Amino acid sequence: MEHVLVKNLSNFIGKEVTLNGWVANFRSSGKIAFWQIRDGSGFIQAILNTNELSKEQWKEAQKVTLETSVKLIGKVAKHPKKDEYELQVSDFKYYQIAEEYPIGKKEHGVDFLMDNRHLWLRSLRQWSIQRVRDTLIQANYQYMRDNNFLKIDSPILTPNACEGTTELFEIDYFDNKAYLSQSGQLYLESAIFAHNRVYDFGPVFRAEKSKTRRHLTEFWMMDAEMAFSDLNENMKVQEELIRFMVKKVLENNRADLEILERDIKPLENITKPFYKITHQEAVKKLQKLGSDIKDGDDLGADDETLLTKEYDNPIFVTNYPAKIKAFYMKRNIKDDSLAECSDLLAPEGYGEIIGGSQREDDYDILLQRIKEHKLPLEEFNWYLDLRKYGSVPHGGFGFGLERIVAWVCGVTHVRETIPYPRTINRLRP
Ligand code: 4AD
Ligand code: MG
């Protein structure tokens, strides 16, 4: 007898199958019981009927509890009205009868759910979010491979800071100090000289003290880096990549987006060109919208929300003042006070999902920047070397996966987009 997954049941109508899963819900009348079974691939209603089962089996069936694990044998039938399938159970076996499950039908607070994250992951909404996350990851890999990017894994233990020294996690490294990586960018820059187009994907760490709906202390970043590129090409790749990833979710995760009650209209706009405004224009617009942002200020979290609510598709904000951006950014050729950079903001109030820039490729200027930023020169000599041996114009970008998942799923807080969120006040479970 075939052992099948719920998602494949349409191929087995009228046939007897074996199915493994968990009881996600159950109800019973005198002679018939309905178990909602979850097997990881989907949900199905199993029907246990006194006509089909022996007295002993029926008695055994009364022991069922939420989250009990079962093996079911039965015949597959199509629901008379809906596009769903049912299993007419002829026999079953418990793997384990679950104890009283702490996550019930009543509303729970976020802290309780987060304390039970190891169980909460089974819930319908959390299940759908992780499925969308998986599609986004797979689509990312596919796009990168199709566009000649080679995956290069950057180290996590580093002696230097990529994104400034204020948010570093410091650890003892034998008799030295080391830091958890904030971004693999600097290492990827070295790899373009061997492979031209490269990317990495992995967890990065920031000792973020901010408690916002956008910040985690551990999150997954994809850094990409391209030799012989300029900012326009950089933005073009970002736009194509995000479009490809969102399209894959629209193709593969309709049911999940429905479970999440995500309005997909804004996601369908993704085929249109992204918006492009300069930092200066963004500030003007924000001031009109009532923000107290001043010319030359960085966009705060509230500003990003305010600004992106005005848009129905992602927005590139270009040429931020150099003084609020990282040391490695090249300056704009017409205005040296501006960085040759872009942030990609997701619409509908979501805000920054990608940070990217042209990199300073001149040895002397880069050396001067490292000094200006008071970075320890001895840890950056290898990075400066890259400007000595065949330096080329180059640039790249990095996205935060959780921010993209949050936007695509229409989830307000990034804590639901990663299996085990790490924030200033959460390290457990
Ligand atoms: O803008 P960031 O700081 O850029 C970099 O780290 C560059 N080195 C990337 C590169 O050019 N290779 O971070 C990149 C992205 C942000 O746009 C945001 O999506 C995400 O990482 N991010 C965070 N996500 C969750 N929690 C945090 N604390 C985040 N900080 C940044
Ligand atoms: Mg940024």
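**View 1. Ligand 1 in the largest pocket of a predicted model.** Ligand 1 sits in the largest pocket. A pocket is an open set of points on a 1 Å grid over the protein atoms alone, with protein on both sides within 12 Å along at least five of seven lines; a molecule sits in a pocket if more than half of its atoms lie within 2 Å of its grid points. The model is predicted, and local features need pLDDT of at least 70, side-chain atom pairs pLDDT 80 or more, while totals for chains, interfaces and linings use all residues. Residues are numbered from 1 along each chain as written, chains are lettered from A and ligands numbered from 1 in the order written, and side-chain values use heavy atoms, without hydrogens and water.

**View 2. The shell around ligand 1.** Ligand 1 is surrounded by 23 residues (a heavy atom within 4 Å), the closest being E163, Q185, R206, D223 and E352. At least two shell residues come from each of strand 12 (218-227), strand 16 (351-358) and strand 17 (394-400); strands are DSSP runs (E, at least two residues). Eight shell residues are nonpolar, seven polar and eight charged, with Asp, Glu, Lys and Arg counted as charged, Ala, Val, Leu, Ile, Met, Phe, Trp, Tyr, Cys and Pro as nonpolar, and the others, Gly among them, as polar.

**View 3. Backbone contacts to ligand 1.** Polar contacts are pairs of N or O atoms within 3.5 Å. A nitrogen atom of ligand 1 lies 2.9 Å from a backbone N or O atom of L216. For I354, a backbone N or O atom is 3.4 Å from an oxygen atom of ligand 1.

How values were computed
A polar contact is a pair of N or O atoms within 3.5 Å; within protein, one must be able to donate a hydrogen and the other to accept it, and residues adjacent in sequence count only if both atoms are side-chain atoms. On a 1 Å grid over the protein atoms alone, a cavity is a set of points where a 1.4 Å probe fits but cannot get out, and a pocket is an open set with protein on both sides within 12 Å along at least five of seven lines; lining residues have an atom within 4 Å of a point. Helices (H or I, at least four residues) and strands (E, at least two) are DSSP runs, numbered from the N terminus.
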